[in-house]
4 protein chains.
Amino acid sequence: MSEDNGFYDRVKQAHVVPLWRVPGTDSPEPDPIEVPYVWHWNELIPLIEEAAEVVDLGTDSDRRALNATNPGRAWGTTQTMIAGYQLVMPGESAPAHRHTPAAIRLMLSGSGQTVVEGEPVTMERGDLVLTPAWTWHDHRNDGDVPMVWLDGLDVPFIKHLHAQFYEDFEGKQLQPTPLADSASVERFGQGLVPRGLAHDRPHSPLTKYPIGTTVDSLERLRESMGDPEHGVSIDYVNPLTGGPVMPTMACAMTLLPAGRTGERTRHTSSTIFCPVRGDGYSIIGGERFDWSERDFFVVPTWTWYEHHACDGSDVLLFEMSDRPVYEAFDIYREEHGA
Amino acid sequence: MSEDNGFYDRVKQAHVVPLWRVPGTDSPEPDPIEVPYVWHWNELIPLIEEAAEVVDLGTDSDRRALNATNPGRAWGTTQTMIAGYQLVMPGESAPAHRHTPAAIRLMLSGSGQTVVEGEPVTMERGDLVLTPAWTWHDHRNDGDVPMVWLDGLDVPFIKHLHAQFYEDFEGKQLQPTPLADSASVERFGQGLVPRGLAHDRPHSPLTKYPIGTTVDSLERLRESMGDPEHGVSIDYVNPLTGGPVMPTMACAMTLLPAGRTGERTRHTSSTIFCPVRGDGYSIIGGERFDWSERDFFVVPTWTWYEHHACDGSDVLLFEMSDRPVYEAFDIYREEHGA
Amino acid sequence: MSEDNGFYDRVKQAHVVPLWRVPGTDSPEPDPIEVPYVWHWNELIPLIEEAAEVVDLGTDSDRRALNATNPGRAWGTTQTMIAGYQLVMPGESAPAHRHTPAAIRLMLSGSGQTVVEGEPVTMERGDLVLTPAWTWHDHRNDGDVPMVWLDGLDVPFIKHLHAQFYEDFEGKQLQPTPLADSASVERFGQGLVPRGLAHDRPHSPLTKYPIGTTVDSLERLRESMGDPEHGVSIDYVNPLTGGPVMPTMACAMTLLPAGRTGERTRHTSSTIFCPVRGDGYSIIGGERFDWSERDFFVVPTWTWYEHHACDGSDVLLFEMSDRPVYEAFDIYREEHGA
Amino acid sequence: MSEDNGFYDRVKQAHVVPLWRVPGTDSPEPDPIEVPYVWHWNELIPLIEEAAEVVDLGTDSDRRALNATNPGRAWGTTQTMIAGYQLVMPGESAPAHRHTPAAIRLMLSGSGQTVVEGEPVTMERGDLVLTPAWTWHDHRNDGDVPMVWLDGLDVPFIKHLHAQFYEDFEGKQLQPTPLADSASVERFGQGLVPRGLAHDRPHSPLTKYPIGTTVDSLERLRESMGDPEHGVSIDYVNPLTGGPVMPTMACAMTLLPAGRTGERTRHTSSTIFCPVRGDGYSIIGGERFDWSERDFFVVPTWTWYEHHACDGSDVLLFEMSDRPVYEAFDIYREEHGA
């Protein structure tokens, strides 16, 4: 390579960069900056309860949420998703708004309601509730214990694309609720579709996937498959397409029996896991991470991992991932085994 | 037009036909040979009970069914479908076989089981059960009353295409039943899809659509829509596609409140209706046809019709149609109103 | 089986048929009534020229066509298609109309124009021209020799479904031609799609597939594949979907080098072949059928066949089939080899 | 809001961030960091020629390219794409490799060859050549003048997803070329698809879209549409789907007649434009940007813009955009007019 005689300075001033000076253009496979990490319920709950004193819901902020920042990143739990806990105290409510990022809610403590496009949805521990892109949604706690759930949103992906739009509901109030509780489950959740109530959005028409149905389904599956080595899994699907619940994110639940180990795998998509029930640990990128009920943890892109259930009790392991994004462009890859 | 000098004879001998001698090539719209007609439960049940004496199930025939022949046709209820009653007496069974025509079963009397690809399905009055194309199926009556259901098959369509294949189960016996009763409903009927149990066939993975779910769904829909003038309808769908239950046939159920009249309409597809509950009459092609619970009747292609529910009770009106065939080729047309 | 005591008479009067008396319900595979048959150019051309004297185009008939009737059928070349020759004499024209049956035109002699939805398309020998379902079309011979082409229409299929609609162009005249000759080829035939000229119909936006392009493509394919044993084939496709040119019919061309034999095969779809160039014979259902340039012949459903090219010259063998109908319902089956 | 008593410090240490401290979560619409900018041919060509002295192709670098860095970003021309000029001197070649980012090549000066998966493709000025994701490709200049083209790659998008894989061709050499020049155009570019040469990748099977075809198509379109006010545009499409040439990027060409102004518009996708012929200027975000032949410029997300052609000559304006990414998730929005 010859002397540059100021070449690189002139290049920089011209707002171009020489390809041969861009690091990583010939890296053979993904080397993500994100790291595996566990956020523990026991550590974060005191903090978010403290937040209830620091921040007045509706006055200081419309939402009281602590979002996990991957230690390898400036912001975001993975390159596409943020996860975190959200808290609504008894008597509080979070006013209605809508935004292009889509959100997954996995109920973890207490009970309450999320209202989505006029449909009130009662949330009990383990329920999966969707507030898809550009749907009006608010949250309400009319009970007498705090409600806490796990949030999962595709904000880093939507922000990267500069596709965020946001709108407050008129008057920053709660929205009206003309529909019956969990009406969407009755309407679209049984292999039946009502005429005259078309659903032409790309997300699932189901707002709620109740935990009881999920657990029953897993238990029966486990029995019918002869209690398979690595446990059993179900995918939450859009009943009008058989595809993922959101265009950008997929959800699943695995039942890993006590003492068992899940399959070792890695893939280009990134994943956030939350054990709804049971304790265990995961080997991620060769390192052990212990977790307990209601913790959540992240597995970065292309990183080998496997899960272990402790001897005491079966584990119900919820996961949300950005796999649909990779599949949309034929860039999803996965490997199994050793 | 000149003298033909034997032209038409020579043409015929050459196995060609002059286009201008083919009748109907310029008919402006469909003029079906089929006619509207009602087959009455009260008239046919004695006949099929008599058939139980004439034909010994398993010896004389593998199935005891009386299929409706449209009075305008040599064979077939419509140009694409046959419908009829099928009877299995207590203690009897119909051995397993499979065929490329697909079948719809709407249970009308007694109870019993249909087994589809190893899955036993208990059938109670009003349940919709599918035995899709090329699936092993048998029928069993272990109870003490006769079981009768409505059959609907796409035989005239498949036969027209010369696409019928048929196979007896080995030994012409009943098939084994490794699966739990109605396992498919648990597996695919809740917005959840089990991993490792792929369903890559073009029909619904649900073998059964229980009547209870259907009625609940209709009642709630009626309430939520403010009891609309023409009643409410649901489509039975494939929960992996949102499309019809079979590639060739669609099913639906309408709740028409007592004293109400459905919308007047016509379409290129042909339809077979069966009132599961309630009495009424239909105006089809300008003529009145009275029907009672468990009768079935046919509306030919492009024929105006509307249904009326008697004052006494709400009507649950089941329908099966060949509409997916028309939609597959963009030749479906419908009109509403006067 | 017991005495019937008039059972079968009563059954017949009730407009039902006992399933066990319906012939063919358990036939293991298709046994079509259609037979293989060749219609020879040399025999039919004198007949259709005679038709030009018998029938005055525009006065006695809007089209002068002789359609092949399969010797095994009352009407139709196969269960889904009719094929035949159509003749327009110098100075004649066939007025514009449209109908739900779709039509394929393979030019065989002379030259002239077909106009489709305002687009005039010059037809030379070997060109494939489409007049899809419900498109206005007329035919014109402004030259000084007769024009003859092979017609292929899905009339038996559409008629079976009672889905025929028909309309004469206003005044039964020729339509205006605002577009340039073969404008669709320029617009959609190059991997380029004009903005503002949407094509939302289910058929190909291309009205014409010129023979020169087809032959060039086959010759290059033959060369690049090292002159394969059974020749080379191309499918004519819809450049907006990669699928067949029409929802109900597919077209293809095979180059079978002199002295070669095509692969032995059978399938559920039915096929009509027309050698555009070259002579040969086919073994169909075990029987030999000789054919020459511009003859056409039919292979029924599920019948084994193979083609042979004579030693003298390469064969260009055009085919049209109803395969898309079978694929739409997952009832297409094919077998190869011995 | 109360005193925090060290709350925010503890939150930070716990690797979470309070949602109410994340800037921009309620921004009503996109406010991209990218800015409009023009990179001028006359300024960059001397620089890249200087690069030919600084960097020896094949020794110092496998590619000699200067990629545009948006002045609002640390790296990348937009949030999803990089664009830049690439130079291969006479007698030089760039060895074969493949990577998951996909690349668009618009030839701007000289001539030469790009080889893609064994297919050599001669490139002349204005030709669009594709080297899609994970296809082996190399570049060769066997002529006697330098070849320069515009590169467009989806590297920022693929990198954001950590989905980059990269592989050198064995021995870092040129690949063999068993296929004829531009074989893909002959094979898939005419509405014909060869049997036995399946293409099951998500990108266009066409490697090249020659400029001659594009210009002819635009000129005819302009004539047929009566020379419309805002010019005419064509989209380059995948002839097997009618969709964009790549899953992540779309290409188009606009013919804007001399003195004319294109429509004013904005959209969520980002776009890079390159005038292949003619001079003009664009109003982007209210500011005027002048450009000449072979410059390229960027319009960020959700920024109003319109193009103007100078009086002297018609403009051919090439564009590449990430619109397919937005459409895949139903987050594409566009507005027109004032």
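**Exercise 1.** How many residue pairs are in polar contact across the interface of chain A and chain D? State also which elements of chain A give two or more residues to the side that touches chain D.

*Solution.* The model is predicted. Step one: with both residues at pLDDT 80 or more, the rule finds 25 residue pairs in polar contact across this interface. Step two: on the chain A side, two or more residues come from each of α1 (7-13), β1 (16-18), β2 (37-39), α2 (41-54), β3 (65-68), α3 (155-160) and α6 (323-328). Step three: α2(A) supplies the largest share, 6 residues. Step four: by residue class, the side of chain A that touches chain D has 45 nonpolar, 17 polar and 14 charged residues.

**Exercise 2.** Find the extent of the interface of chain A and chain D, and the residues of chain A that lose the most area.

*Solution.* Step one: 76 residues of chain A contact 76 residues of chain D. Step two: the two chains bury about 6500 Å² between them, with 66% of it on carbon and sulfur atoms.

**Exercise 3.** Identify a salt bridge and a strand pairing between chain A and chain D.

*Solution.* Step one: the rule finds 2 salt bridges across the interface. One of them joins A:Arg10 to D:Glu50, whose closest N and O atoms are 2.1 Å apart, and the cut-off is 4 Å. Step two: β1(A) pairs with β3 (residues 65-68) of chain D in the antiparallel sense, over 3 bridges. Step three: within that pairing, A:Val16 has D:Ala68 of β3(D) as its bridge partner.

Technical notes: Residues numbered from 1 in each chain as written. Chains lettered and ligands numbered in written order. Predicted model: local features only at pLDDT ≥ 70, side-chain atom pairs only at ≥ 80, totals over all residues. Heavy atoms only, no water. Contact = heavy atoms within 4.5 Å. Buried area = accessible area lost by both parts, 1.4 Å probe. Salt bridge = Lys/Arg side-chain N within 4 Å of Asp/Glu carboxyl O. Polar contact = N/O pair within 3.5 Å; in protein donor to acceptor, adjacent residues only side chain to side chain. Helix = DSSP H or I, 4+ residues; strand = E, 2+ residues; numbered from the N terminus. Nonpolar A, V, L, I, M, F, W, Y, C, P; charged D, E, K, R; others polar. Pairing = 2+ DSSP bridges.
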